[in-house]
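Please read these notes with the sequence and the model open side by side.

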Amino acid sequence: MTPRQRIVAGNWKMNTSYVEGRNLAKEIADRMQPTDTKVILAPPFIHLNNVGNIIRDLAGLYLGAQNCHWAESGAYTGEISARMLASIEVQYVIIGHSERREYFHETDEQLAAKVNAALAYNIQPIFCCGEKLDMRQAGQHEAIVEAQLRQGLFHLSGQDFKKVIIAYEPVWAIGTGVNATPQQAQDMHAFIRHIIAGQYGQAIADTTTILYGGSCNPSNARDLFRQPDVDGGLIGGASLKADDFLAVVNSF
Ligand code: PGA
């Protein structure tokens with residue numbers, strides 16, 4: 001058995017009012033059973049401070065943001081920096097989600113800079129990669145994921161890379177109800193680990209946590225998490241109901 005950290009992270013995306021978010025975090029905190037899986041809540045920015053207070057002393061629960069800027073501060077109206085996130089004890093940040101790549105035109109270069117900004121403030125990046133449907137149909141899925149990893153992460157030293165969590169999220173599976181099959185997920189996770197081994201060595205590859213994301217829910221999580229190279233999930237829709245999210249957490 002490899003000593004990899006198991007993680008389930010809830011990406012709330014742009015959902016929940018202040019009260020809804022507070023209630024969701026409280027319900028998860030109240031009902032979570034002891035587990036050796038790390039559970040990360042990544043709510044919208046307006047909730048971070050409050051959710052941080054709700055989960056602060058609870059074992060197994062951690063706070064994540066959904067994005068950060070690459071600069072430390074300055075004239076970037078509407079943006080949030082890693083320094084700001086660190087000041088309210090955010091421990092993880094999702095970087096390079098396909099929705100940010102697609103709708104906000106985030107480039108590999110910007111994502112690499114965001115990764116650096118997060119690490120500079122001791123925030124662990126959850127770095128997303130994944131192909132679109134046409135790329136998979138054209139047999140390009142491994143090539144595109146490899147390029148995303150090389151351009152977004154492989155400038156890091158081994159020491160810094162060890163702090164990164166990878167989330168493989170095939171774009172065609174996100175929010176569609178069509179998850180990757182456990183075998184498709186396993187194949188890509190094994191490929192990602194192989195690429196990491198080539199860059200940083202087998203020891204680092206063997207300890208890198210690689211999450212699956214894309215329509216992961218209580219009915220498919222068990223089969224996905226059972227795959228040897230799948231170390232947990234990045235959960236969108238199913239993270240918005242405590243019942244569903246906790247069922248996914250308990251799927252190992
Ligand atoms: P989904 O989203 O679980 O709703 O498919 C996953 C994600 O985008 O992180």
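**Notes on the model**

1. Strand β4 (residues 92–95) runs parallel to β5, and the two pair over four bridges. Val93 has Pro125 in β5 as its opposite residue. Pairing here requires that DSSP finds at least two bridges between two strands. Helices (H or I, at least four residues) and strands (E, at least two) are DSSP runs, numbered from the N terminus.

2. A word on the basis: this is a predicted model, in which local features need pLDDT of at least 70 and side-chain atom pairs count only at pLDDT 80 or more, while totals for chains, interfaces and linings use all residues. Residues are numbered from 1 along each chain as its sequence is written, and side-chain values use heavy atoms, with hydrogens and water left out.

3. β5 also pairs with strand β6 (residues 165–168), again in the parallel sense and over four bridges. Cys129 has Tyr168 in β6 as its bridge partner. Strand β5 (residues 124–129) is largely enclosed by the rest of the structure, because five of its six residues are buried. Buried means under 20% relative accessible area, exposed over 50%, and partly exposed in between (1.4 Å probe, protein chains only).

4. Which residues of helix α12 (residues 242–249) are buried? They are Ala242, Phe245, Leu246, Val248 and Val249. These residues lie on the same side of α12, because they cover an arc of only 155 degrees around the axis. The arc is that of the directions from the helix axis to the C-beta atoms. An α-helix has 3.6 residues a turn, so residues three or four places apart point the same way. The cover over the buried residues of α12 includes β1 (7–11), α1 (18–31), β2 (38–42), α11 (221–225) and β8 (232–235).

5. Gly21 is part of helix α1 and is buried, at a relative accessible area of 0%. Residues up to four places away in sequence aside, Gly21 touches Trp12, Thr16 and His47; contact means heavy atoms within 4.5 Å.

6. The loop between α11 and β8 holds Gln227. Is Gln227 buried or exposed? Gln227 is buried, its relative accessible area being 17%. Apart from neighbours within four places in sequence, Gln227 contacts Pro182 and Gln186.

7. The largest pocket contains about 450 Å³ of space. On a 1 Å grid over the protein atoms alone, a pocket is an open set of points with protein on both sides within 12 Å along at least five of seven lines, a cavity is a set where a 1.4 Å probe fits but cannot get out, and lining residues have an atom within 4 Å of a point. Grid points are joined across faces, edges and corners, and a volume is the space filled by probe spheres set on the points. The lining of the largest pocket has 17 residues, with Lys13, Met14, Gln66, Arg100 and Phe104 nearest its centre. Helix α4 (residues 98–103) contributes the most to this lining, with three residues.

8. The count of cavities of 30 Å³ or more is one. The largest cavity holds about 40 Å³ of space. Its lining consists of Gly96, Ser98, Arg101, Cys128, Cys129, Gly130, Gln148, Glu169 and Val171. The elements giving two or more residues to this lining are α4 and β5.
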